[in-house]
Amino acid sequence: MAVAARGLRQFKRTVPAMIWPFIRAILVAGICFVIIYPTLTQLSTALKDVEDLFDPSVVWVPKTFTNVNFKRAAAGMNYWIALRNTLMVTVVTSVLQLFSCTYIGYGFARFRFRGRGVLFALVLLTMIVPPELIMVPLFLNFRYFNLFGLLGGTGINMIGSMWPYAFTSLTGTGIRNGLFIYLMRQFFRGMPGELEEAAYVDGAGPIRTYFRVMLPNALPVMLIVFIFSFVWMYNDVFFAQMFMPNADLMSRNMVRLPLVIRYEQGPEATLAHNAAIILYLLPLIVLYAWLQRHFVESVERSGIVG
Amino acid sequence: MKLRLNTKRELNGWIFVAPFVIGFILFFLYPLYQSILFSFSELEITPGGFKLHPVGWQNYYKLLFENVKFRQVFVNTMIQTLSDLPLILIFSFFAANLLNQQFRGRFLARVIFFLPVIIGAQTVMQIQSGDFISGMMRSANLAQDAGLFSGLRLEEYLYQMKLPLKFTDYIMTAVNHLPAIINASGIQILIFLAALQSIPSSLYEAAKMEGATAWEYFWKITFPLISPMMLTNIVYTLVDSFTAHDNALVKLIRDTAWSGGGAGYGVSVAMSWFYFASIAFILIIILSVLSRSVFYRE
């Protein structure tokens with residue numbers, strides 16, 4: 001990391017030294033602005049009163065702060081119940097995905113076996129197939145779950161329960177799990193072999209070695225994978241629609257909000273929609289604010305590049 | 001004895017990848033196989049479930065020659081994705097280099113640059129795109145703020161420069177697309193940043209001893225060393241935009257599926273397969289062309 005910094009120092013010797021930091025500051029600030037601008041607008045709009053909306057002297061800070069919009073939005077989204085359900089589903093599935101993808105990625109990274117290359121290509125294949133392709137068959141699979149007729153009868157109906165999530169997560173076939181397996185494999189490939197060999201010499205089996213020696217070292221990458229899987233699960237509408245069609249989940253209630261609080265209701269609806277976006281993003285922002293230090297540092301230390 | 005040891009090692013590997021093998025067969029391969037069947041059939045919803053009537057290639061024929069929208073949306077999506085690709089790559093590589101330098105507030109800058117990964121949710125985009133009033137307000141506000149985002153002036157300027165029209169148009173699309181590009185680059189920045197940090201500093205020392213300039217250092221050391229990650233990012237970017245739920249073609253596929261009470265379903269699956277085959281084709285071409293020019297340290 002110091003490399004580029006030193007490279008820059010040399011760069012400075014050749015090009016007028018004072019200019020670059022200014023350009024860089026402007027660029028960084030500009031990009032940061034583009035990134036947070038929409039969220040800032042939404043926050044400011046969400047706090048506005050209808051009068052503020054049409055008052056040309058109000059740009060960012062409303063004259064009368066109000067929480068009416070948030071109340072309307074929370075009622076429209078069934079916020080607290082949806083939040084509870086979503087957190088439950090999301091935390092359980094991301095922990096399962098974290099566990100299974102780390103485990104599978106380790107297998108791909110540290111063992112040679114016949115068919116490994118083909119199998120890993122199949123992991124990548126699961127990433128590039130559009131989910132729409134297997135949508136309905138997968139739905140039917142869980143609607144009449146019977147393992148190719150092994151369970152007999154018409155099978156078990158798992159739609160509406162958390163089991164479809166649990167099964168796909170446990171077997172590394174959930175949302176973007178191919179990417180997680182790939183990341184974990186890259187990480188474990190870059191780890192020195194001595195640790196592992198020492199454990200084997202001490203008489204530990206592969207599974208014991210994995211849990212006692214390798215897993216504790218993988219925590220930085222696991223944090224990245226956890227954040228990704230949490231965020232993608234939280235935002236997912238597609239699988240939620242399919243697996244739990246009637247449950248109150250955040251992402252879906254968010255998408256459906258325009259049907260509950262309609263545009264035709266005028267400016268109040270717009271204000272409520274902006275408030276809803278803020279409410280929706282709040283748990284993610286809290287999570288990120290809580291983990292960001294570790295997250296940014298993990299990116300440095302993870303060695304996901306192998 | 002040696003054979004037994006090898007067999008044991010092989011078995012251990014299978015113990016670890018077994019969950020994926022099971023999941024792949026049950027929740028991926030089998031549904032995939034069924035979807036092939038669906039694409040060659042017409043689905044009829046009956047009170048007790050559904051029936052499949054085999055129709056041969058008819059669904060594919062329909063989408064290519066009878067469906068009004070498919071060809072147009074397909075071509076547009078392909079062009080859009082492929083023209084965004086270089087922009088996303090250049091931007092994310094540039095941003096990673098920026099974030100890799102030392103300056104005050106770097107930590108905060110990193111936190112914000114990764115923010116789109118966390119809050120750039122398509123769920124939110126969806127509701128935003130429908131929010132006409134706030135959209136209007138936003139553009140009104142912007143026009144007041146400054147000409148910063150209104151590409152209008154830049155466009156005039158570029159036209160006056162008498163550059164080739166195609167080039168000007170591409171630049172203008174890029175400028176108007178900038179927020180979308182920045183929002184789509186989060187993970188790519190992350191991958192590039194990690195790659196930049198994995199370059200050992202001994203290489204830099206050596207280059208300095210030889211009297212290399214920063215420019216040479218960049219092209220001879222940095223660039224080759226991160227080229228494998230360039231490939232990873234190309235594949236990731238393509239896959240990400242091809243499978244995005246807000247992609248126009250994906251929307252069309254979904255809408256077709258529920259049109260005509262099950263009758264559209266076969267056509268929709270056929271569309272998916274056609275689309276997927278095209279993605280796979282493009283990826284294979286890109287991989288086979290680029291993997292030769294990628295540099296591996298080992």
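Here is a friendly conversation about how some labels in this predicted model are reached.

Colleague: What should I keep in mind about numbering and confidence?

Modeller: Residues count from 1 along each chain as its sequence is written, and chains are lettered from A and ligands numbered from 1 in the order in which they are written. The model is predicted, with local features needing pLDDT of at least 70 and side-chain atom pairs counting only at pLDDT 80 or more, while totals for chains, interfaces and linings use all residues. pLDDT is the predictor's confidence in each residue, from 0 to 100. Chain A averages 82 on it, and 89% of the residues score at least 70. Helix 1 (residues 2-14) of chain A has the lowest mean, 59, and helix 5 of chain A the highest, 93.

Colleague: What makes the phi of A:N78 worth a remark?

Modeller: Phi of A:N78 is near 55°, a positive value in a residue other than glycine. Most residues other than glycine have a negative phi. Helices here are DSSP runs of H or I, at least four residues, and strands are runs of E, at least two, numbered from the N terminus. A:R176 has a positive phi as well, about 50°, and sits in the loop between helix 8 (163-170) and helix 9 (177-189) of chain A.

Colleague: How do you know that the buried residues of helix 4 of chain A share a side?

Modeller: In helix 4 (residues 68-77) of chain A, A:N69, A:R72, A:A73, A:G76 and A:M77 are buried. They cover an arc of only 120° around the axis, so they are on the same side of helix 4 of chain A. The arc is that of the directions from the helix axis to the C-beta atoms.

Colleague: Which residues does A:V50 contact, leaving aside neighbours within four places in sequence?

Modeller: A:V50, in helix 3 (residues 50-53) of chain A, is in contact with A:P267, A:E268 and A:L271. In contact means that C-beta atoms, placed from the backbone, lie within 7 Å. For A:V50 and A:N274, 224 residues apart along the chain, the C-alpha atoms are separated by 13 Å.

Colleague: What makes a set of residues a nonpolar core?

Modeller: The members are buried Ala, Val, Leu, Ile, Met, Phe, Trp, Tyr and Cys residues joined through C-beta atoms within 7 Å. The largest core has 121 residues, of which A:M184, A:V225, A:A276 and B:F192 touch the most other members. Helix 15 of chain A gives the largest share of this core, 13 residues. Beyond four places in sequence, A:M184 touches residues including A:C101, A:Y106 and A:V225.

Colleague: How many residues meet between the chains?

Modeller: 85 residues of chain A are in contact with 81 residues of chain B. Helix 15 (residues 267-301) of chain A supplies the largest share of chain A's side, 14 residues.

Definitions and conventions
Two residues are in contact if their C-beta atoms, placed from the backbone, lie within 7 Å. A residue is buried if 20 or more other C-beta atoms lie within 10 Å of its own, exposed if 12 or fewer, and partly exposed in between; C-beta atoms are placed from the backbone.
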